[in-house]
Amino acid sequence: MTPWLTVVGIGEDGFKGLGKNARHALLRAAKIFGGQRHLDLLPPCIRGERQPWPSPFCLESLLSLRGEPVCVLASGDPMFFGVGASLARQLPAAEMLTLPAPSSCSLAAARMGWPLQDVVTLSVVARPVAALNAQLFSGVRLLVLSNDGRSPAAIAALLRERGFGPSRLTVLEHLGGEAERRIDGIAGDWNDPPIADLNLIAIECIAEPNTLRLSRLAGLPDSAFKHDGQLTKRDVRAITLARLAPIPGELLWDVGAGSGSIGIEWMRAHPSCRALAIEANDGRQALIEHNRDALGVPGLQLVRGSAPQALAGLERPDAIFIGGGVTRAGVLDTCWAELKPGGRLIANAVTLQSEMTLTAWREQHGGELTRIHIAQAQPLGDFDTWRQALPITLLDVTKPFDA
């Protein structure tokens, strides 16, 4: 099949910077879609009808022309946080030809002298800057696609708040064009100079000496979360997440989410992991919203309500954690019914009644029961002794593929 759609990556150097194939595609195109800034880079010799993207952005008008010779203009590499990725999710590869230019991250890495494979790249274009919180580690280098000219100041403020004030920031404007400019500074004393909307931020992360170290492995310190006591404690949380075994792209239901710690750490395991936090308590819902942003996973979705009623109509999960409500009628059965074949269900119990529920349920569906005892050394007069936390009973069961 000859592709009817050509997606052309264009840089700040405009039409003159395009290769032969990209120029020919634009000359042949009956219609050309793109942002107004991109369309304005085309010379008069390009006769195709120019179609700015609608607001709010959608692809319907483009997809309605399927079969006609159409071009799309996009910044740099269209498959890197660009419209090419959106189109690829809706069109077979045979219908679309992509002709990329160097991405802004490639140009930025060249300007900074940073090997691109050693850099973390992310975008805050129409995304919360809180997503950076999951990437903040001393010594890490970040390349961040800005939303607009206000992004550098917002990111500098976030770095100061999270204890990364000494981090070095470089703002690169209009990369690859005649107006290219570089602004260097430190997050701790960033003075918010005027910045062009088209910019990228290079960050060399440097933590203050006493900044809390937050690993990507399961088992963050309890102090990393705001909570009202309804928190799966650190050691039990690490064991629980090891049993849940997050895999890239999978969806978790965190049922009775409390402060959201399980869903948050699930999503921190990999950028493509997703989670729904189901919680009925208003105060805890607010804690989940705070914790998900503070720990860099603003994409965690909060479902307000009680299980099992709140589970109706949700996307089927690959894994389920039940941290509260196992004794409520229908919770275990509904979760089991909605869990995908091959999925994992983990439930924790503290009370005798919830433990009895898990034991009875295991007799019907199988699985493994584990008793977790955690003790910590605490003062007793002039000495120390072991203080036993409440024991946890953990049910771990995988749903058969033929269930």
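Me: Which residues does Q135 touch, not counting residues up to four places away in sequence?
Reply: The model is a predicted one. Q135 sits in the loop between β6 (120–123) and β7 (141–145). Leaving out residues up to four places away in sequence, its contacts are V120, L122, V140, L142 and R216.

Me: Is Q135 buried or exposed?
Reply: A residue is buried when its relative accessible area is under 20%. Q135 has a relative accessibility of 16%, so Q135 is buried.

Me: How many of the residues of helix α8 are buried?
Reply: Helix α8 spans residues 261–268 and is mostly covered. Its buried residues are S261, I262, G263, I264, E265, W266, M267 and R268.

Me: What covers the buried residues of α8?
Reply: Both helices and strands are involved. The strands include β11 (251–255), β12 (274–279), β14 (319–322) and β15 (344–349). The helices include α7 (234–244) and α9 (282–294).

Me: How do β11 and β12 pair, and what is the bridge partner of W253 in β12?
Reply: β11 and β12 pair in the parallel sense over five bridges. β12 is largely enclosed by the rest of the structure, because five of its six residues are buried. In β12, the residue bridged to W253 is L276.

Me: Which residues are closest to the centre of the second largest pocket?
Reply: The second largest pocket holds about 1000 Å³ of space. Its lining is made up of 48 residues, and the closest to the centre are Q230, L231, T232, G323 and V350.

Me: How many nonpolar, polar and charged residues are in the lining of the second largest pocket?
Reply: At least two lining residues come from each of α7, β11, α8, β12, β15, β17 (375–380) and β18 (383–388). By class, the lining of this pocket has 19 nonpolar, 20 polar and nine charged residues.

Me: How many disulfides does a search of the whole structure find?
Reply: A disulfide needs two cysteine sulfur atoms within 2.5 Å. For C335, the closest cysteine sulfur is in C273 at 19 Å, which is too far for a bond. For C58, the nearest cysteine sulfur belongs to C71 and is 19 Å away. The search of the whole structure gives zero.

Me: Is C335 buried or exposed?
Reply: C58 is partly exposed, because its relative accessible area is 28%. C335 has a relative accessibility of 0%, so C335 is buried.

Conventions. Residues numbered from 1 in each chain as written. Predicted model: local features only at pLDDT ≥ 70, side-chain atom pairs only at ≥ 80, totals over all residues. Heavy atoms only, no water. Helix = DSSP H or I, 4+ residues; strand = E, 2+ residues; numbered from the N terminus. Buried < 20%, exposed > 50% of the residue type's maximum accessible area, 1.4 Å probe, protein only. Contact = heavy atoms within 4.5 Å. 1 Å grid on protein atoms, 1.4 Å probe; cavity = no way out; pocket = protein on both sides within 12 Å on 5 of 7 lines; lining within 4 Å. Points joined across faces, edges and corners; volume = space filled by probe spheres on them. Nonpolar A, V, L, I, M, F, W, Y, C, P; charged D, E, K, R; others polar. Pairing = 2+ DSSP bridges.
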